[in-house]
Amino acid sequence: MKKRIFTVGVTMFLLLTVCVTAFAVSKVGSRGEEVKKIQTKLKNWGYYSGSVDGVYGWQTENAVRSFQKKNGLKVDGIAGVQTLNAMGISSSSSSGQTASPNDANIELLARVINGEARGEPYEGQVAVGAVVLNRVDHPSFPNTIAGVVYQKGAFTAVDDGQINAQMYASSRRAARDALNGWDPTGGAIYYYNPKTATNKWIRTREVICTIGEHVFCN
């Protein structure tokens with residue numbers, strides 16, 4: 001009887017260990033390529049000034065905390081599933097629990113569309129997504145969706161927290177349509193609302209088209 005109890009106990013322990021491993025995240029003490037990706041993105045976005053060495057130390061933790069606070073995430077300094085998704089990183093240690101890179105891109109792009117263009121005509125929502133993707137392909141901008149989205153001062157929705165607003169289903173549809181190649185703007189890399197824009201420089205850009213309240217330009 002004692003042997004059976006011992007066997008059951010060992011089995012439960014092993015199962016618990018597997019479960020914990022399956023949901024492993026990057027935190028202080030972690031090392032590896034995923035940590036390098038985190039450090040690289042945080043460095044590019046101005047949150048991190050240390051070395052990209054793949055070692056999750058206190059500087060990396062503080063940078064993650066700053067990123068989490070800025071983006072309305074739980075501020076714990078741990079790069080878990082939500083934080084990694086917000087960065088556009090697919091965790092290598094989540095055993096299928098983290099979204100694929102494409103799913104993460106759809107979610108992040110949808111959040112930008114939702115924050116910047118909810119209430120706009122559907123074509124205008126797709127157009128905002130297209131601008132993000134056009135920037136990814138443009139040599140003057142970061143070459144990832146997350147890099148473009150979190151580039152300092154690039155999108156009002158990131159600065160004022162609207163990127164975390166309640167999601168509308170049309171925003172996700174618009175993100176998918178933009179990722180599938182629909183570009184109603186004809187290649188625009190900027191847009192603005194002429195009723196609210198205070199930046200004089202943006203008004204000097206060559207206008208391509210107007211969709212809803214937004215003017216799209218190069």
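This tour goes through the structure stop by stop, saying what to select and what is there.

The model is predicted: local features need pLDDT of at least 70, side-chain atom pairs count only at pLDDT 80 or more, and totals for chains, interfaces and linings use all residues. Residues are numbered from 1 along each chain as its sequence is written, and side-chain values use heavy atoms, with hydrogens and water left out.

**Whole chain**

Start with the whole protein in a cartoon view. It has 9 helices and 3 strands; helices (H or I, at least four residues) and strands (E, at least two) are DSSP runs, numbered from the N terminus. The order along the sequence is α-α-α-α-α-α-α-α-α-β-β-β. Of the 218 residues, 42% are buried, where buried means under 20% relative accessible area, exposed over 50% and partly exposed in between (1.4 Å probe, protein chains only). Among contacts with a separation of 6 or more, 54% are between residues 24 or more positions apart; contact means heavy atoms within 4.5 Å.

**Helices H2 and H3**

Two packed helices are described by the angle between their axes and the distance between the axes. Select residues 33-44, helix H2, and residues 58-70, helix H3. Their axes come within 10 Å and cross at roughly 60°. Axes are lines fitted to C-alpha atoms, for helices over the stretch in contact, and angles run from 0 to 180 degrees between N-to-C directions. H2 and H3 are therefore oblique to each other: angles under 35 degrees count as roughly parallel, over 145 as roughly antiparallel, 65 to 115 as roughly perpendicular and the rest as oblique. The crossing of H2 and H3 is left-handed, meaning that the near helix is turned anticlockwise from the far one by less than a right angle; clockwise would be right-handed.

Now show the side chains at the contact: Ile38, Gln39 and Leu42 on H2, and Thr60, Ala63, Val64 and Phe67 on H3. These divide into 5 nonpolar, 2 polar and no charged. Ala, Val, Leu, Ile, Met, Phe, Trp, Tyr, Cys and Pro count as nonpolar, Asp, Glu, Lys and Arg as charged, and the others, Gly among them, as polar.

Beyond four places in sequence, Gln39 touches residues including Ser51, Asp53 and Thr60.

Next, select Gln68 in helix H3. Gln68 is buried at 1% relative accessible area.

**Helices H6 and H9**

Move to residues 122-137, helix H6, and residues 169-179, helix H9. Here the axes come within 8 Å and cross at roughly 50°, so H6 and H9 are oblique to each other. Their crossing is right-handed. Among the residues making the contact are Tyr122, Gly129 and Leu133 of H6 and Ser170, Arg173 and Asp177 of H9. The contact residues divide into 7 nonpolar, 4 polar and 2 charged.

**Pro184**

Finish at Pro184, in the loop between H9 and strand S1 (190-192). Pro184 counts as buried, at 16% relative accessibility.
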